[in-house]
Amino acid sequence: MNNMIVSVNPHVYAKDTTQTIMRDVLIALFPAVIASIIFFGVRALLVEAVCVAVAVVCEWAFEKITNRPITIMDLSAAVTGLILALNLPVSIPIWQAMFGAFVAIIVVKQFFGGIGQNFANPAITARVIMLVAFSGAMTNWLPAAFSNAPADAVTAATPLAILGGAEGALPTLAQMFLGARGGSMGETSCLALLIGGLYLIYRRVISWHTPVAFIGTVLVLTALLGKDPLYQVMAGGLFLGAIFMATDYTTSPPTPAGKLIFGVGCGLITVLIRVWGNYPEGVSFSILLMNILNPYISGWTKTKPFGGVQA
Amino acid sequence: MKNNKLKILTNGIIKENPILVLILGTCPFLAVTTQASNAIGMGAAVTFVLLCSNVMISLLRKVISDKVRIPCYIVVIASFVTLVQMIVKAYLPALDVALGLYLPLIVVNCIILGRAEMFANKNNPLDSALDAIGMGVGYTLAMLAMASIREIFGAGTWFGLPVPVLKDNNISIMTMAPGGFAIFGILIAIINKASNGKAIKKKDFSCEGCPSAAACNGQNCAEKREAAAK
C-alpha cells in the first residue's frame, strides 16, 4: 500500500527539452554544413559562423535589455542563425548576413514574444525580407565546385533559373542530388539534407508527414504539368524547406492531419510560384504563407478529447 | 495662465504627438515618408491647413450649430487645402508631383478634423492657434524622423544628398511599404517606452475632448473613475 503514489497528471514524461531537440536539429544540419563547405569553400563556414553568432548575441541582448529570462542556452537562436545562413548565397556580403540574423531574431522572434510565440518561421521570414531588400546580392549565385559551370565562370544560374530561361548548362541528376550546382549554400545537396532529415525522423524530432506531403505534392503537380518531376523536386530549396523549415513546431500544425494539409499547401504554392510566378523559386514564400494560415489549419484539425462533449 | 499657454503649445510635440501617440493621420505618414524633403513639405502643408482651420473653426464655434458641425468643418478644411494645393502647384511643382494624391487628401486627414472636434470648437482662437502649431510641429517632427530613417538606410541619401558608406549599402526594403510599417511600429514602441506608457494612459477620463460627452452627461466617466478607484 505504501508504494501507491497519488499524483496529478501528466504521469508520463519524456526527457525531451527544447535544448535536446535543438541539439538534434543542429546535428541534423551538420551534413548540410559540410556539403556547403565542400561545394562553396571556406567562406560558407564564415557566413554560417557570423549568422549563428549574430543570432545568439541578438537574442541575449534583447532579453537582457527587456529583463526577460535569457534563452540562448536552448540553442533555438543558434538553429535559426544556421538555417538562415544555409538559405543564403555564399557570396552574400557579411553585413547583409548580419542584418538578416538581426531581423530573424529581433523582429520576427523577439518582437512577437520570443520562442514559441513567433507567427512565422524566423529564418524563412528573414530570408524573404532579405530577398526583397537585397534582390541583387541574394540572387548572385557562385558556381559550385565539381559542377558543370565553365572554369572561368564568375556566376552560375540556379537550375530553376536556367529552366526559366537564364543562360547556363543544366546539371545532371547526379550533380543535382549531390549538390554540385548553383544555389544557396545549404540547399544544393539533397543527399546531405536527406541524411539530416532521416536522423530527425529517427530521433522523432519531426514526423514524416510535412516533408513527405510537401515534396510529394511538388512531385505529383510538376509531373501533371508536364515538367520533369525528379528535377523539380531536387532543384531549389525544396529539401531544406520541407525538412527543416516547414516542420518548425511553433509555426506548423501539431496533428498528423494538420501536418499533411500544411505540407500539401506548401507544395501547391511552391509549384504555382515556380510555374506561373515572377520568381524562379517559391519554397520560402510558400512556407511563409502557410505559416500565416497555420492557426486556421491547427483549429480545423484539433484532436477531440476522448469523451469530450461539445460545449 | 502663461504656463497653460505653453502647455497647449508643447502638448502636440511629444505628449500628445498626433502620429506616434494619438495615431492619427497615419496614411500619408506611411506613404510620403520615403524622402526627408517630402516629409518637410507634407508637414508644412498640414501645419498650415491645421493652423488656418483651427483658428477659423474656433472663431465660428458659436455660429456653427452642433448638429451640422462636421460638414461645416469639412468645408472650412477643404477650402484651405484647395488653397495650399494651388500654391504648391504654382510655386513648388516638384513637391506637388512627389506628394501626389496625398496633398488633396489632407482634407480627410484625421489630425485636422480631430483637432477641430477635440480642441478648436471649445477654445478661443489664440489657444486653438497654439494647439495647431504644436500639433503641426509634432506631426512634422515625426514625419522627419521617420523619413530620415527610411531615406538614410533605404536609399543611402538624406535630403537627396548621398550618405558616405550607406549609399552603396542600402537596405531598399526600408523605403517600401513593409519597412514603413516596421519602422512606424518601432517608433511608437520607443515613444511609449520613453514616456513610460504614460503618453497613452494618462487621460484620466475627463469629459473635455470626449466626442460623446453631450450624449453621456459624464456618467460613463464617473463610473470609470469609480472602477479605477476600486
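**View 1. Contact between chain B and chain A.** Six residues of chain B are in contact with six residues of chain A; two residues are in contact if their C-beta atoms, placed from the backbone, lie within 7 Å. On the chain B side, four of the residues touching chain A are nonpolar, two are polar and none is charged. Ala, Val, Leu, Ile, Met, Phe, Trp, Tyr, Cys and Pro count as nonpolar, Asp, Glu, Lys and Arg as charged, and the others, Gly among them, as polar. This is a predicted model, in which local features need pLDDT of at least 70 and side-chain atom pairs count only at pLDDT 80 or more, while totals for chains, interfaces and linings use all residues. Residues are numbered from 1 along each chain as its sequence is written, and chains are lettered from A and ligands numbered from 1 in the order in which they are written.

View 2. Chain B has 12 helices and two strands, in the order α-α-α-α-α-α-α-β-β-α-α-α-α-α from the N terminus. Helices (H or I, at least four residues) and strands (E, at least two) are DSSP runs, numbered from the N terminus. Of the 230 residues in chain B, 34% are buried. A residue is buried if 20 or more other C-beta atoms lie within 10 Å of its own, exposed if 12 or fewer, and partly exposed in between, with C-beta atoms placed from the backbone. Helix H3 of chain B (residues 36-59) has 24 residues and reaches 34 Å from its first C-alpha to its last, close to the 34 Å expected at 1.5 Å a residue; the expected span is 1.5 Å times one less than the number of residues. Because 17 of its 24 residues are buried, H3(B) is largely enclosed by the rest of the structure.

**View 3. Helices H1 and H3 of chain A.** The axes of H1(A) (residues 18-40) and H3(A) (residues 76-86) come within 9 Å and cross at roughly 25 degrees. Axes are lines fitted to C-alpha atoms, for helices over the stretch in contact, and angles run from 0 to 180 degrees between N-to-C directions. The two helices are therefore roughly parallel to each other; angles under 35 degrees count as roughly parallel, over 145 as roughly antiparallel, 65 to 115 as roughly perpendicular and the rest as oblique. Residues in the contact include A:Leu26 and A:Leu29 of H1(A) and A:Val79 and A:Leu82 of H3(A). By class, the contact has nine nonpolar, three polar and no charged residues.

**View 4. Two residues with positive phi.** Most residues other than glycine have a negative phi. A:Leu75 has a phi near 70 degrees, a positive value, and sits in the loop between helix H2 (42-65) and H3 of chain A. A:Leu75 counts as buried, with 21 C-beta neighbours inside 10 Å. B:Ile23 has a phi near 55 degrees, also positive, and sits in the loop between helix H1 (2-11) and helix H2 (26-31) of chain B. B:Ile23 counts as partly exposed, with 14 C-beta neighbours inside 10 Å.

**View 5. Surroundings of A:Leu160.** A:Leu160 lies in helix H7 of chain A (residues 159-163) and is buried, with 21 other C-beta atoms within 10 Å. Not counting residues up to four places away in sequence, A:Leu160 touches A:Ala235, A:Gly236, A:Arg274, A:Pro280 and A:Glu281.
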